Amino acid sequence: MTEAVGKEIEIDGVDPRELYGPQNAYLEQMKSLFPELKIIARGSSLKVLGADAETARFEKHLHGLVAYYLKYGHISTQVIDQCFAGRIAEQQDTPVDKDVIVYGNGGNIIRARTPNQEKLVKMYEKNDLLFAVGPAGSGKTYTAIALAVRALKEKEVKRLILTRPAVEAGEKLGFLPGDMKDKLDPYLQPLYDALNDMIPPAKLAKYMEEGAVQIAPLAYMRGRTLDNAFVILDEAQNTTLSQIKMFLTRMGRNARFIVTGDVTQIDLPKKSDSGLVRAMNILREVKGIGIVEFGKQDIIRHKLVKYIVEAFDKDAHSNETTEH
């Protein structure tokens, strides 16, 4: 007889109250279908005690149930019967949407929504280093973070590291209140926002406490070798050539890097100091490096954002023509 063992099964992207049902009715139904197991609900995870084979079957069906909810938005006793009763054959497909990058919080489904976002997802499969450049609102950073969260959840990497250069855009760091972390957090807030969409708050706090998720300014990357990590450099248009070279040479074993930026939003004192475009030109022909160039057609924020970008581009072009 196989000795009973315990396994913690994480439930990502679904409110446990939806999954367990009113007064835990759905949870009790699942337990009744696997009487050999002891199943204990612990918030957004389930502790399962029992034989390995039986635990693995339960986990498979549970993931199928979560995928069904994320795709169709509801659970019922009939759905649980379909997913659990009769012990669905191992070869039978569970209702998973293959276009999903990651399941976010509250049933939020995160997938590529434009052709260039799809291109970034596909190129990720073939390249260890990617450049994703384009205008504000095109989803380049959000898509990159979704890929990183998926890699962390699927244990492809051990760490997720997000970094940005702390360039002063209209404000002086020394005059901002608080310690260094307080001064830098405003620059890193967009990265926190994306993570909060994709990882439950308690889980994210645990990841950050353990160092599995790190958010830091670019200067903190110097001298490190980043092994077994998915690393994203955001706002790379505000790096100098020496800074972006320093960052790229941090790449260690089993590392994946994505560099994002918008060359129309350079906050350096001299725009010509930006190293992003120069780095892409230098590395464009290197095997294992992919480049995705987003455009105005990829903008997925409020519909006015696209027109705002177009208007500013038109004005900049008009000024250049006048000067010449």
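Modeller: Let's begin with a term: a residue is buried when its relative accessible area is under 20%, exposed when it is over 50%, and partly exposed in between, using a 1.4 Å probe and protein chains only. By that rule Thr239 counts as buried, because its relative accessibility is 0%.

Colleague: Thanks! What kind of model is this, and how are residues numbered?

Modeller: This is a predicted model, with residues numbered from 1 along each chain as its sequence is written. Local features need pLDDT of at least 70 and side-chain atom pairs count only at pLDDT 80 or more, while totals for chains, interfaces and linings use all residues; side-chain values use heavy atoms, leaving out hydrogens and water.

Colleague: How many helices and strands does the chain have?

Modeller: Helices (H or I, at least four residues) and strands (E, at least two) are DSSP runs, numbered from the N terminus. Here the chain has 11 helices and 11 strands. Of its 324 residues, 48% are buried.

Colleague: Back to Thr239, then. Where is Thr239 found, and what does Thr239 touch?

Modeller: Contact means heavy atoms within 4.5 Å. Thr239 is in the loop between strand 9 (229-233) and helix 9 (241-248). Not counting residues up to four places away in sequence, Thr239 touches several residues, among them Pro165, Leu218, Leu268 and Asp273.

Colleague: Which backbone oxygen lies 2.7 Å from a polar atom of the Thr239 side chain?

Modeller: That of Ala236. A polar contact is a pair of N or O atoms within 3.5 Å; within protein, one must be able to donate a hydrogen and the other to accept it, and residues adjacent in sequence count only if both atoms are side-chain atoms. Lys153, which lies in helix 6, gives another case: its side chain reaches the backbone oxygen of Met198 at 3.3 Å. Leaving aside neighbours within four places in sequence, Lys153 is in contact with Asp12, Val102, Tyr103 and Met198.

Colleague: Now for packed helices. How are two of them described?

Modeller: By the angle between their axes and the distance between the axes. Axes are lines fitted to C-alpha atoms, for helices over the stretch in contact, and angles run from 0 to 180 degrees between N-to-C directions. Take helix 2 (residues 25-33) and helix 4 (residues 77-84): their axes come within 10 Å and cross at roughly 30°. That makes helix 2 roughly parallel to helix 4, as angles under 35 degrees count as roughly parallel, over 145 as roughly antiparallel, 65 to 115 as roughly perpendicular and the rest as oblique.

Colleague: Is that crossing left-handed or right-handed?

Modeller: A crossing is left-handed if the near helix is turned anticlockwise from the far one by less than a right angle, and right-handed if clockwise. The crossing of helix 2 and helix 4 is right-handed.

Colleague: Which residues in helix 2 and helix 4 meet?

Modeller: Tyr26, Gln29, Met30 and Leu33 in helix 2 meet Thr77, Ile80, Asp81 and Phe84 in helix 4. By class, this contact has 5 nonpolar, 2 polar and 1 charged residues. Ala, Val, Leu, Ile, Met, Phe, Trp, Tyr, Cys and Pro count as nonpolar, Asp, Glu, Lys and Arg as charged, and the others, Gly among them, as polar.
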